[in-house]
Every structure is written in C-alpha cells, then in structure tokens.
Amino acid sequence: MSKETNIHTVNCTAFQDQKPGTAGLRKKVAVIRQRHYLETYVQSVFNTLKLPAGSALVIGGDGRFFNPEAIQTIIQIAAANAIGKLIIGKDGLLSTPAASNLIRQQGAAGGFILTASHNPGGPDGDFGIKYNIANGGQAPESMTDAFFAASKVIHQYQLVELAPVDISKTGLQRVAGIEILIVDSVTDYTRLLQELFDFDCMANAMKKGLSLQFDALHGITGPYATDIFCRLLGAPNSSVLNAIPLPDFGGGHPDPTPVDVPDLYQLALSSKSPDLLAASDGDGDRNMILLPGQMVSPGDSLAILLANAKSIPGYRDGISGVARSMPTSAAVDRVAQHLNIPCFETPTGWRYFCNLLDSGDIGLCGEESFGTGSSHVREKDGLWAVLFWLNLIATSGLSGNQILANHWRQFGRDYYQRYDYFIPDSSQADALFNELKLNAELPLVELKERQLKSIDNFTYTDPIDGSVSSNQGVRLQFVDESRIIYRLSGTGTSGATLRVYLQQLETNTTQHTNNPGDVLKPLGMLAARYARIEHYTGLTRATAII
Ligand code: G16
C-alpha cells in the first residue's frame with residue numbers, strides 16, 4: 001500500500017485552550033489525553049510550519065507518564081505530514097539540552113520535546129509538548145502564537161495508522177515511508193560536554209578526594225549523570241541519587257530548589273557535606289548548586305561562571321557578551337562591566353536568549369529560575385552548569401565557598417530571594433496584577449519604607465529581529481539599588497502563581513550572612529503591602545520562599 005493511501009483524515013472540533021506558555025504547551029495529563037487533543041496540537045504545528053517534504057525532526061522527552069504514547073502519536077501524524085526522517089531518543093528519552101544538541105547535530109528542521117519540566121508527573125500530574133526550531137531553541141513567541149491561532153480553527157488532522165514503532169533499540173528502520181533513527185540518548189551529549197570541560201583535571205581532583213553528590217530526582221538526568229560522573233570521572237555510583245527516570249518521578253516534585261530537595265539541602269548544611277552538591281529537574285535543563293553550608297543563588301552562579309570562564313577549556317577565548325532574564329539578579333551586570341562586554345536584559349523564558357546566541361552577541365546566559373547555559377546548545381543545561389562548577393573547583397584548587405567569598409569581595413553581593421504566592425483563583429491574581437500595571441503608569445508615589453527611583457512594566461525589543469514583547473513584569477527600583485519585581489508564572493497548569501523577586505546589593509564584605517531571608521524580609525513585607533496581596537488573595541504569607 002502506498003504511503004498516500006494509508007493516510008487517514010480525522011474530523012475533529014478545535015480546542016480553544018492550546019496556548020503555549022513560557023516554555024511550550026503544558027497541561028494536566030487528563031487534559032492532554034482527551035481524544036484528539038495532542039493530535040490537533042501537533043497537526044496545528046505542522047499546519048503552521050509547512051515544513052518541506054522529507055524534513056527531519058527529533059523527538060524525545062523526560063520520561064514522564066504518557067511520554068511513550070505521545071511519541072507514537074507524533075510518529076503517526078509526522079508520517080502523514082510528509083516528514084522524511086524522525087530521530088528519536090532510545091525509549092523516547094532525551095533531556096532537553098540533549099534534544100537541543102541532537103537537533104543541531106543532525107541538521108534537523110526542528111523537534112518535539114515532551115516535558116513539563118519541573119512540574120510533577122504521573123497520571124494526575126502534568127504533561128507538556130514544545131516545538132524547537134532548527135537552531136535547537138524553542139520556537140519564538142511569534143511562532144507559538146501562530147500555533148495557538150491554528151489550533152483554534154483546526155477541524156481535521158491526518159495520521160497514518162501504524163502498529164507501535166519499537167523505540168527500545170538503537171538503529172535505523174523504515175516505517176510507512178519514513179526513516180526512523182533510534183539513537184542512544186546519552187552519547188552525543190556527553191561527547192559535547194567532553195569538548196568543553198577538562199575531564200582529566202576533574203577526574204584527578206576526584207581521585208584526590210573532591211566529593212560530589214548529585215540528585216537526579218528520578219528525572220531524565222540520571223543516565224547522563226551516571227555516565228559523566230561515575231564512568232568518566234570515577235565518582236562512586238552512590239554520588240548520583242535517584243538515578244532511574246520514573247514516569248511519576250517517584251511521586252516527588254522534580255524541581256531543584258532547597259524547598260523541593262530538602263534532604264540534599266540539609267546535607268549541605270551538615271558537617272558531612274560533600275564539596276559540591278547539585279540537582280537537576282525533570283527534563284535536565286535546570287540546576288541547583290549547593291556548597292557546604294549554603295546554596296549558590298542562580299544569579300551569583302551566572303556571575304561567577306562569567307568571571308571565571310577563561311579557566312574552562314571551552315571558554316578560554318573569553319565570552320563575547322552575556323544576558324540574563326529581567327528578574328535575575330544584577331550580579332552578572334557588574335562582572336560584564338568589569339570585563340567590558342555587553343550585558344542584555346531579556347524577558348523570562350530561554351527562547352529570548354536564542355537570537356543573541358545565534359548572532360554571537362552573547363556566549364553565556366542565565367535566569368533566576370535555576371537555569372544557566374551557553375552557546376553550546378540553545379536550551380539551558382543543568383549538567384553543564386554542574387560540570388562548570390566542578391571544573392572551576394578542580395582547576396582553581398579553591399573550595400566552592402572560597403570562590404564565592406572571593407567573588408563577593410571583588411564585586412559585592414546581591415541578596416536575592418523569590419517569594420511565590422500560589423493563588424487558586426487566577427482572576428484574583430489578574431486583578432492584583434492589573435492594579436500593579438496601572439500603578440506603573442502613574443507618577444511615582446512616596447513610600448515610607450524606602451525611596452522609589454522608578455516603576456515600569458518591562459517591555460523588550462529584540463535587538464536582532466526587532467520583535468517587541470510587552471507586559472513582562474512590573475519592577476520597582478529603589479534609590480538604594482534594591483529592587484522588587486512582580487510577575488505571573490507562565491508554567492503552571494492550574495490557578496496562578498505570583499512571583500515576587502527581591503534583590504538588595506551589599507558591598508560591605510564584612511556584613512555577609514548565610515541567611516538572605518534576614519536581609520530581605522523588610523523588602524518582602526514592603527512588596528506584599530505595595531501589591532495589596534492579602535487584599536486581593538487573602539494570602540498573608542508566601543506559599544514558598546526560594
Ligand atoms: C521555563 C522556561 C524558563 C523560565 C521559566 C519561568 O522553565 O524554560 O526559561 O525561566 O519557565 O517559569 P515561570 O514562568 O513559572 O516563572 P522550565 O524549566 O519550566 O522549562
């Protein structure tokens with residue numbers, strides 16, 4: 001039977017809720033599993049992209065519940081839409097940075113990454129799908145807007161009915177007229193990291209006693225971390241915790257923060273702390289770095305990586321420029337100034353970095369939400385960040401805490417925290433935010449607590465393609481260089497989460513404390529009062545402080 005005669009057209013009614021958020025379409029599993037739901041979204045992507053016949057696509061996910069079924073569905077729809085080749089991670093597994101790398105390496109037109117990142121998994125958890133373009137980065141906002149528009153009017157989709165394709169063995173097969181290449185999920189990615197970091201130096205330091213504890217949280221990074229830390233660097237198997245990817249992440253919340261990985265955090269605070277502790281999220285793009293006695297805030301981590309980049313083989317020639325998302329602390333700005341390189345401030349969302357990475361204007365970027373990365377791929381990269389720290393500690397001969405203390409001594413320290421308010425009724429969050437946006441347009445008021453310098457609602461104009469992204473968060477800057485930023489999360493699947501980002505600069509190095517909470521409490525109280533959080537939501541305190 002020819003491929004064409006095998007194509008079925010299925011009539012359906014469009015869903016109206018397929019609007020991608022900060023990082024693709026994320027929904028409760030029960031929503032995604034509705035009849036026609038995933039199919040209409042994937043077809044809407046194809047309808048928008050109009051890829052040339054014979055194009056190649058990468059597919060892989062973080063192994064969460066519904067990953068195998070979703071992959072089979074995408075294969076069937078891709079086959080009906082004239083895709084020529086699918087490159088799929090073995091067992092359907094690919095970390096987000098590994099998928100980005102594979103798209104670039106294979107010269108694919110793009111790829112589907114199946115993940116809801118740090119959101120819980122399992123039948124009652126979340127699922128997600130995002131489309132990445134040929135540079136390996138997430139589809140830009142204009143493209144995801146077009147996917148959404150197409151999804152609202154779709155009334156049929158095409159598929160080729162197939163028996164489930166075996167994705168458990170590496171190798172090439174031909175099914176329904178398309179080539180399906182199953183690749184080892186780990187090899188290419190590990191090779192890429194070997195080009196960037198000094199594995200001999202790290203392995204030697206570990207042989208001499210440098211200790212590491214990594215927690216994969218039953219997400220995708222387990223197999224990658226075991227290959228890198230245990231096989232290549234000689235760390236004992238016990239140095240990778242929760243290494244087996246599970247569809248429900250073992251019932252946990254695969255988010256690398258002190259709140260969601262309390263045992264690792266407590267270990268760092270104890271007298272038995274290893275020299276470096278780290279965790280990554282469900283899909284392997286986030287990182288948390290812990291040192292004996294403290295967490296390295298993501299903003300500090302980015303600044304330190306930039307300041308020390310030349311001691312890492314892959315960055316020996318220096319970094320052309322750097323970028324951070326707007327709510328991320330300004331620690332990196334001062335390093336950029338010192339190095340005399342440009343520093344860009346972008347909206348929250350990794351995709352806003354990609355044009356700057358492609359143009360070569362930046363070589364390093366990061367976000368407060370535990371994401372750091374470089375031009376080696378077009379996604380943030382959890383294990384890359386851990387290796388960067390490990391390599392720094394190994395080559396410098398300093399402890400992580402010494403590196404941090406030296407950094408603060410030279411550049412000052414930004415105390416930084418994020419207060420998250422979970423608001424079940426999202427209309428309350430909208431009302432609160434509307435008032436904030438209105439305030440941002442009025443003349444400055446006088447606050448009794450501290451003197452305001454400016455208020456605005458952040459708008460970004462992409463320096464490369466000129467696209468404008470507005471409404472990216474309300475920020476209050478104070479005369480004393482402290483800052484409050486309000487933003488609504490774009491990654492949740494129910495209710496709304498108000499994020500309040502607090503930052504305060506301390507240049508007196510004798511005054512550092514390991515507890516940023518003590519320093520930032522007054523700013524947190526001011527933030528709650530200014531936004532009238534209790535009035536709008538009834539919440540008298542943050543749901544989580546990170
Ligand atoms: C996603 C994006 C990140 C962004 C984060 C913000 O992270 O990829 O670039 O910083 O969302 O999350 P929120 O909108 O909830 O503040 P991930 O790791 O979920 O893909």
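Asn340, with a positive phi near 60 degrees, follows helix H11. Helices (H or I, at least four residues) and strands (E, at least two) are DSSP runs numbered from the N terminus. The model is predicted: local features need pLDDT of at least 70 and side-chain atom pairs count only at pLDDT 80 or more, whereas totals for chains, interfaces and linings use all residues. Residues are numbered from 1 along each chain as its sequence is written, and side-chain values use heavy atoms, with hydrogens and water left out.

Helix H11 spans residues 331-339, and its buried residues include Ala331, Val332, Arg334, Val335 and Ala336. Buried means under 20% relative accessible area, exposed over 50%, and partly exposed in between (1.4 Å probe, protein chains only). An α-helix has 3.6 residues a turn, so residues three or four places apart point the same way. The buried residues of H11 are covered by elements including helix H10 (298-308), helix H14 (400-411), and strands E15 (322-325), E16 (343-346), E19 (413-423) and E25 (496-506).

Thr507 lies in the loop between E25 and helix H16 (516-531). Thr507 counts as exposed because its relative accessible area is 59%. Between the C-alpha atoms of Thr507 and Arg413 the distance is 6.3 Å, although 94 residues separate the two along the chain.

Positive phi values also occur elsewhere. Most residues other than glycine have a negative phi. His36, which is not a glycine, has a positive phi of about 75 degrees. The loop between helix H1 (29-32) and helix H2 (37-49) holds His36, and His36 is buried because its relative accessible area is 14%. Lys50 has a positive phi near 45 degrees and is placed in the loop between H2 and strand E3 (56-61). Lys50 counts as exposed because its relative accessibility is 66%.

Arg64 is in the loop between E3 and helix H3 (67-80). With a relative accessibility of 0%, Arg64 counts as buried. Apart from neighbours within four places in sequence, the contacts (heavy atoms within 4.5 Å) of Arg64 include Thr115, Ala116, Ser117, Pro247 and Phe249. The side chain of Arg64 lies 2.9 Å from the backbone oxygen of Ser117.

An N or O atom in the side chain of Arg26 lies 2.9 Å from a ligand oxygen atom, and a backbone N or O atom of Trp350 lies 2.8 Å from an oxygen atom of the ligand. Taken alone, the ligand exposes 460 Å², of which the protein buries 99%. These areas come from the Shrake-Rupley method with a 1.4 Å probe; for residues, only the protein chains shown count as cover.

Ser374 is placed in strand E18 (residues 371-374) and counts as buried because its relative accessibility is 0%. The side chain of Ser374 makes polar contacts with the side chains of Tyr315, at 2.6 Å, and His376, at 2.7 Å. A polar contact is a pair of N or O atoms within 3.5 Å; within protein, one must be able to donate a hydrogen and the other to accept it, and residues adjacent in sequence count only if both atoms are side-chain atoms. Not counting residues up to four places away in sequence, Ser374 touches Tyr315, Leu357, Gly363, Leu364 and Trp384.
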